[in-house]
Amino acid sequence: MSESSICQARATVMIYDDGTKKWLPAGAGPQTFSRVQIFHNPTTNAFRIVGRKMQTDQQVVINCPIVRGLKYNQATPNFHQWRDARQVWGLNFGSKEDAALFANGMSHALEVINSMADAGYATLPRPVSNGPSPIELEQQQRLEQQKLEQQERERQERERQEWERQERERLERERQAAAVNIPPAPPLAPGGPPPPPAPPAELLPTADTPAVCSVEPKMEEEEESLINL
């Protein structure tokens with residue numbers, strides 16, 4: 001009886017490089033999503049993980065047996081990892097739903113394998129690489145987050161400097177335009193300074209203003225007063 005798929009999910013398949021302490025894409029070419037499936041052989045009751053790129057060539061990027069004693073680690077809701085005899089594998093799922101679906105399939109396969117008798121089933125060999133610890137994985141994610149935050153701060157600083165430059169240019173243009181629009185002072189009248197202004201209206205005489213009487217006595221009145229004496 002042939003194998004059958006018990007679950008499948010969309011994920012990028014990664015391999016941990018113990019030398020550089022970094023995750024690298026599995027297979028050749030650029031990193032793309034793969035269709036990762038868990039196959040079950042009912043005749044031998046064996047399970048294996050097979051992943052093919054979701055491209056025309058359908059390149060196989062993982063073909064890993066699931067053996068008794070395998071430790072499946074859900075490092076984050078979207079990133080799961082485990083190790084075999086040669087290396088550490090990682091799956092970066094396209095969604096939390098894909099991750100949960102695949103984790104359920106792995107739990108079922110491991111439960112079936114671990115419940116079998118020891119006869120006929122090999123235990124997990126000692127791995128060559130321990131892979132990243134949860135602390136190392138968290139540090140890598142924190143560094144990536146800090147890098148993104150730094151890039152965002154630099155972008156905001158560039159935008160602020162550009163806004164300030166444009167604002168200075170706008171103020172300078174307004175200042176120059178105001179200086180051009182100031183009218184020149186009128187020229188002085190020829191022959192000397194201009195005449196003084198007229199007095200205010202309240203100081204000018206009107207029809208009701210009494211005439212000023214002379215205070216000098218008339219000569220005739222003085223002579224007449226002397227004769228009467």
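Which residues line the largest cavity? Hold that thought while we look at how the model is set up. This is a predicted model, so local features need pLDDT of at least 70 and side-chain atom pairs count only at pLDDT 80 or more, while totals for chains, interfaces and linings use all residues. Residues are numbered from 1 along each chain as its sequence is written, and side-chain values use heavy atoms, with hydrogens and water left out.

Back to the cavity. Its lining is made up of Val13, Pro25, Ala26, Pro30, Gln31, Thr32, Ser34, Lys53 and Val61. By cavity we mean a set of points on a 1 Å grid over the protein atoms alone where a 1.4 Å probe fits but cannot get out, and lining residues have an atom within 4 Å of a point. The largest cavity holds about 40 Å³ of space, and searching the whole structure turns up one cavity of 30 Å³ or more. Volume here is the space filled by probe spheres set on the points, which are joined across faces, edges and corners.

Now for the packing. In soluble globular proteins, nonpolar side chains tend to be buried together. The largest nonpolar core here has 27 residues, and Ile49, Ile66, Tyr72, Trp82 and Phe102 have the most contacts inside it. Such a core is a set of buried Ala, Val, Leu, Ile, Met, Phe, Trp, Tyr and Cys residues joined through side-chain atoms within 4.5 Å; buried means under 20% relative accessible area, exposed over 50%, and partly exposed in between (1.4 Å probe, protein chains only). Helix α1 (96-115) is the top contributor to this core, with eight residues. Helices (H or I, at least four residues) and strands (E, at least two) are DSSP runs, numbered from the N terminus. A second, separate core has five residues, among them Met14, Tyr16, Trp23 and Phe79.

Phe79 takes us to β6. Four of the five residues of this strand (residues 79-83) are buried, so β6 is largely enclosed by the rest of the structure. β6 runs antiparallel to β7, with five bridges joining them, and Phe79 has Asn92 as its bridge partner. Strands count as paired if DSSP finds at least two bridges between them. Four residues sit between β6 and β7 in their hairpin.

Finally, take a look at two loops. Lys21, between β1 and β2, has a positive phi of about 60 degrees although it is not a glycine, and it is partly exposed, at 40% relative accessible area. Asn45, between β3 and β4, also has a positive phi of about 60 degrees without being a glycine, but Asn45 is buried, at 18%.

How values were computed:
1 Å grid on protein atoms, 1.4 Å probe; cavity = no way out; pocket = protein on both sides within 12 Å on 5 of 7 lines; lining within 4 Å.
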